[in-house]
Amino acid sequence: MYRLNFLWASLLLVAFVSPVWAQDESSASDVSVDTVADSSVVDPKHPRLEALKELKNVTVENLKVDATAVQPDNVKDPFQPLNREIFQFNDMLDRNIARPLAVQYAEKVPEDVRGSYSAFRKNLGEPWNAVNQIAQGRFGRAAKSLGRFTINTVTTLGFADPAKRMGLNAEEENLGTTLGYYGVPSGPYLMLPLFGPSTFRSSMDYVASSYANPLTYTVDNSDQSAYIWGNRALGGINARSRLLEFENALQGDRYAAIRDIYLQRQAYLIAQKKGLESEAISFVGEDEE
């Protein structure tokens, strides 16, 4: 439930902060007359208002789409004006908070320590992986995930991965992938505040997975929130630090590139569960060409 509350708080934060941020951005940069005249540029004084107006054009059929990278923008991303506003908000937070913290984290914390913490967080996700694999009817894979969790927790508290050396490789799962495995449409692409790329289908995982976190059941209620939120904040910084060396790889329209990479990745993961990896790989290659 705390994830659902956090998501609503994030949406409210965007609503209150972004008008002020938009005003600061517009005053800090000079906008030429030609740029303002361009109909493709949203009025910098009221960007969110204009984006919200675009939602009136969204129909029920738009919500039934199974979004893929190769579809037209109006099909896979009918909320694009609002999504782009949220993307800019997330980018502003990244530039001013997340990235500076990630740089300091990468510089001050030894690589071995960062790797151990990444393994610890990954191990916490193994029970949820197993739940989804059982739901998919892949019981052998679920047994391996539970075996990984048991071996890694008992031997190293999850700070290392001896199970991998025993041939038990990791396979990350979520509710969105499970629903996609059974053919549930993804719905349109969404850019969530703070959480980033998602779809209607994948956004359900933010609520459901909170109940599968072992910290929820192993920590006293009085300390539960502090441990969970502390682990989540540090996990975000840790994940951002791993992207530092790749952050210049995206050129041009970063929003569109991130969206299509995310949708392509989701399609591949679902195809992989169904044993259709070869089709997914050929699809990726054709799309890139």
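**Nonpolar cores and their surroundings**

The largest nonpolar core consists of ten residues: Ala-67, Ala-69, Leu-82, Ile-86, Phe-87, Tyr-189, Met-191, Tyr-255, Tyr-262 and Leu-263. A nonpolar core is a set of buried Ala, Val, Leu, Ile, Met, Phe, Trp, Tyr and Cys residues joined through side-chain atoms within 4.5 Å; buried means under 20% relative accessible area, exposed over 50% and partly exposed in between (1.4 Å probe, protein chains only). The model is predicted, so local features need pLDDT of at least 70 and side-chain atom pairs pLDDT 80 or more, whereas totals for chains, interfaces and linings use all residues. Residues are numbered from 1 along each chain as its sequence is written, and side-chain values use heavy atoms, without hydrogens and water.

**Helix packing**
- Helix α6 (residues 80–108) packs against helix α16 (residues 254–273) at about 105 degrees, with the axes 11 Å apart.
- The two helices, α6 and α16, are therefore roughly perpendicular (angles of 65 to 115 degrees; under 35 is roughly parallel, over 145 roughly antiparallel, the rest oblique).

**Aromatic residues**
- Phe-79 and Phe-200 form a stacked pair, 6.0 Å centre to centre with 25 degrees between the planes (ring centres within 6.5 Å make a pair; planes under 30 degrees apart are stacked, over 60 edge-to-face, the rest tilted).
- Phe-79 is buried at 13% relative accessibility, whereas Phe-200 is partly exposed at 32%.
- One aromatic cluster comprises Phe-87, Tyr-189, Tyr-255 and Tyr-262.

Terms used. Axes are lines fitted to C-alpha atoms, for helices over the stretch in contact, and angles run from 0 to 180 degrees between N-to-C directions. Helices (H or I, at least four residues) and strands (E, at least two) are DSSP runs, numbered from the N terminus.
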